[in-house]
Amino acid sequence: DAQRRALLERFGLKLEVLPDGSRRWHGCAKDTPRCFGTVRWQTPEYLLAGRWTPPCCLRALRATARHVLAQLEAAGIRHWLEGGSLLGAVRLGDLIPWDYDVDVGFYLEDVPKCRWLAQVVASGGPVEDPQGFLWEKAAEGEFFRVHFSRTNRLHVDLWPFYVRPGSAVMTKDTWLGHRQDVEFPESFLVPLGTVPFAGVLAKAPNDPRAFLELKFGPGAIENPEYPNPGVRRLAQDVGNK
């Protein structure tokens, strides 16, 4: 058994399917760090190695996303899938298989409705909820982050948007320079729609295709690409279509 585990670790395998059909996980969990380090240039280290997101990390991201979406819904916070998470939902009904986080937008004025976000704002520090998920203000700017656990930093980013004064345009206070990081008409959110995502029905802009093409450009749904093609392109791993 020790030799088998060592072999799986050597090849970077995270999930073992046994002869009887049962599964044994060898990857990350609540009490372990995630399987990859700091993401640089929007490119996690597993992409540089020609691999996609480890299945244990995808499992943790799905669990975190479902938890966060349920908490926002229960609190009555107006929210929607953003960026690559919405792309994955429209393409696959799931996470993009090489993604490393989940993005959710919400109305800034609704922060007080969520007890965990309100506690983060009041305390200025992280707050762990009863299920072991860690809510905090992101170090990079004016947005929030919910981690799978205090130890495992797989996370959902929560982006607080608001209507720019004198307009009908949604904006926010932190821009990280990503291609999809742009303002958009509030009409995409009134009313909100829904899309299947990670095993649940998630809130989404009412015209996902138009929303995604505004953010990523025409054909974004049909033409997948890695977050930073200048570092690594999808065609390097699946062949040039």
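Me: Which residues form one aromatic cluster with Trp80 and Tyr107?
Reply: In this predicted model, a search of the whole structure finds 12 aromatic pairs. Trp80 and Tyr107 belong to one aromatic cluster, and the other residues in this cluster are Phe161, Phe184, Phe188 and Phe211.

Me: Which residue lies over the face of Tyr107, and at what distance from the ring centre?
Reply: Tyr107, one of the residues of the aromatic cluster, also has a charged residue over its ring, which counts as such because the CZ of an Arg is within 6 Å of the ring centre and within 35 degrees of the ring normal. The residue over the face of Tyr107 is Arg78, and the distance from the ring centre is 3.8 Å.

Me: How do the planes of Phe133 and Phe148 stand to each other, stacked or edge-to-face?
Reply: The ring centres of Phe133 and Phe148 are 6.0 Å apart, with 65 degrees between the planes. Planes over 60 degrees apart count as edge-to-face, so the pair of Phe133 and Phe148 is edge-to-face.

Me: How many residues apart are Phe133 and Phe148, and where in the chain are they?
Reply: Phe133 is in the loop between strand 5 (127-128) and strand 6 (134-137), whereas Phe148 is in the loop between strand 7 (144-147) and strand 8 (155-163). Both residues are buried, and their pair links distant parts of the chain, 15 residues apart.

Me: Which residue has its charged end over the ring of Phe148?
Reply: Phe148, which is buried, is paired with Phe133, and a charged end also sits over its ring, 4.5 Å from the centre. That charged end belongs to Lys30.

Me: Which residue of strand 7 is the bridge partner of Trp135?
Reply: Strand 6 and strand 7 run antiparallel and are joined by 4 bridges, with a hairpin of 6 residues between them. From strand 7, Phe144 and Val146 point one way while Arg145 and His147 point the other way, and all are buried. Val146 stands opposite Val156 in strand 8, and the bridge partner of Trp135 in strand 7 is Val146.

Note on methods
Residues are numbered from 1 along each chain as its sequence is written. This is a predicted model: local features need pLDDT of at least 70, side-chain atom pairs count only at pLDDT 80 or more; totals for chains, interfaces and linings use all residues. Side-chain values use heavy atoms; hydrogens and water are left out. Rings of Phe, Tyr and Trp (its six-membered ring) pair if their centres lie within 6.5 Å; planes under 30 degrees apart count as stacked, over 60 as edge-to-face and the rest as tilted. Helices (H or I, at least four residues) and strands (E, at least two) are DSSP runs, numbered from the N terminus. Buried means under 20% relative accessible area, exposed over 50%, partly exposed in between (1.4 Å probe, protein chains only). Two strands pair if DSSP finds at least two bridges between them.
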